[in-house]
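Have the model open as you read. The paragraphs below move from one local feature to the ligand, the core and the strands.

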Amino acid sequence: MLSDKVKRHFNAAVQAEWARLDANEYFRLIFRLHLAFIEDELAEKPRVLDAGSGPGRYALEFAKRGCAVTLCDISDGELALAQEKFSENNIAAEGFVCADLRDLSAFPDESFGLTVCYGAPLSYITEKREKAVAELIRVTRRGGTVAVSVNSTWGILRNLLGKTDEDFFANGDYWHINEVIETGDCPSFENVKFGGSTAPEKHFFQPDELAALLTNSGLSGVELGAAPCLCSGSRTQYNKIAENAAAKAQIEALELKCYKDKNMLGFGDFLLAKGVRK
Ligand SMILES: C[S@@+](CC[C@H](N)C(=O)[O-])C[C@H]1O[C@@H](n2cnc3c(N)ncnc32)[C@H](O)[C@@H]1O
């Protein structure tokens, strides 16, 4: 089953996943933009489900802001590390639940004020994705918010440009570049490794597609964002420029001005979306 493959992949990439969002200034910017996107919701200190939590970088931040947090992931390895990180920080979580997002029957209807599914779990769900979105909405209370981030079709190309990935652009057929642009679907590649494990199949999204998925599933007032937006494709340059604190602050202010601009949404590495349960 594909979900077994995803579980195996993330169980083998636990430490790499923990390191990722603090690897350099570029990833720290991605982290801050994801938080900025739900700043208003977090200020209300809702009960939060971090769905597809991985090792819990976002969940820890939600808990530090006074939210009661439950973590849920298909990877028991990721959850075990999350538990360690919560203990190290002397922070309690309401639960660490191993489950597939397509079956959140561990949680009653309307359990959470805010359901977050960040870092592209939905991109790894290549079958019955609508069921996962329906479950995220079901466990969120009416009037509560569901926020997700997924990988972006044009964003991944800018990302690879930013990594100066010559091999990728020289071998478009091998990498299925046109197929991914047309369908969003990307196969698994044996030689693409993360944390020592072969990356599984993925789906890359266009902004309209993600908005339609959430709206058709029953969320209202869907808003989109991109993380990073301005700096996407300029990872090396940003990491260099951000050594200067004033320049870093200026770029971050510009990011915050543009990351929800509808003309730029498709360019970010991550596409953000949130909406309210009716
Ligand atoms: C790239 S990680 C992101 C982790 C974390 N949310 C973050 O942003 O740092 C994606 C996570 O989604 C989880 N995931 C993927 N498919 C899933 C599914 N069907 N059900 C539950 N979790 C899933 C993976 O196990 C992994 O921990």
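In which loop is Pro228 found? Pro228 sits in the loop between β10 and α13 (235-241). This is a predicted model, and the peptide bond from Ala227 to Pro228 is modelled as cis. Its omega is near -15°. Most peptide bonds are trans, and most residues other than glycine have a negative phi.

Confidence comes next. The chain has a mean pLDDT of 95. Of its residues, 99% reach 70 or more. Among the elements, strand β1 (residues 48-51) has the highest mean, 99. Strand β7 (residues 193-194) has the lowest, at 74. Where pLDDT is low, the predicted coordinates should not be read in detail.

Now turn to the ligand. The ligand is surrounded by 22 residues. Gly52, Gly54, Ile74, Gly119 and Pro121 are the closest. By class, the shell holds eleven nonpolar, six polar and five charged residues. Three helices, α1 (2-11), α5 (57-64) and α7 (121-124), each supply at least two of the shell residues. The largest contribution is from α1, with three residues.

The buried ones are Arg57, Tyr58, Ala59, Leu60, Phe62 and Ala63. They pack against helices α3 (25-37), α4 (39-43) and α6 (76-88). They also pack against strands β1, β2 (69-73) and β4 (112-117). Just after α5, Gly66 takes a positive phi of about 95°.

The largest nonpolar core has 72 residues. Ala59, Val116, Leu136 and Leu271 touch the most other members. Beyond its neighbours within four places in sequence, Ala59 is in contact with Asp50, Ser53, Val69, Leu71, Ala82 and Ala93. In soluble globular proteins, nonpolar side chains tend to be buried together.

What pairs with β11? Strand β5 (residues 140-151) does, in the antiparallel sense, over seven bridges. Val150 has Leu271 of β11 as its bridge partner. Strand β10 (residues 219-227) also pairs with β11 in the antiparallel sense, over seven bridges. Here Gly225 has Leu272 of β11 as its bridge partner. In a regular strand the side chains alternate between the two faces of the sheet.

Just after α9, Thr164 takes a positive phi of about 50°.

Go back to β5, where Thr140 is found. Why does Thr140 count as buried? Thr140 has 28 C-beta neighbours inside 10 Å, and 20 or more is the cut-off. Leaving aside neighbours within four places in sequence, Thr140 is in contact with Glu110, Phe112, Thr115, Val146 and Arg277. Leu256 is 116 residues away from Thr140 in sequence. In space, the two C-alpha atoms are 27 Å apart.

Asn90 lies in the loop between α6 and β3 (95-98). Asn90 is not a glycine, yet its phi is positive, about 55°. Is Asn90 buried or exposed? Asn90 is exposed, because 6 other C-beta atoms lie within 10 Å. Ala120 is in the loop between β4 and α7. Ala120 is likewise a residue other than glycine with a positive phi, near 75°. With 21 C-beta neighbours inside 10 Å, Ala120 counts as buried.

Note on methods: Residues numbered from 1 in each chain as written. Predicted model: local features only at pLDDT ≥ 70, side-chain atom pairs only at ≥ 80, totals over all residues. Near = placed C-beta within 6 Å. Helix = DSSP H or I, 4+ residues; strand = E, 2+ residues; numbered from the N terminus. Nonpolar A, V, L, I, M, F, W, Y, C, P; charged D, E, K, R; others polar. Core = buried A, V, L, I, M, F, W, Y, C linked by C-beta atoms within 7 Å. Buried ≥ 20, exposed ≤ 12 C-beta atoms within 10 Å, placed from the backbone. Contact = placed C-beta atoms within 7 Å. pLDDT = per-residue confidence, 0-100. Pairing = 2+ DSSP bridges.
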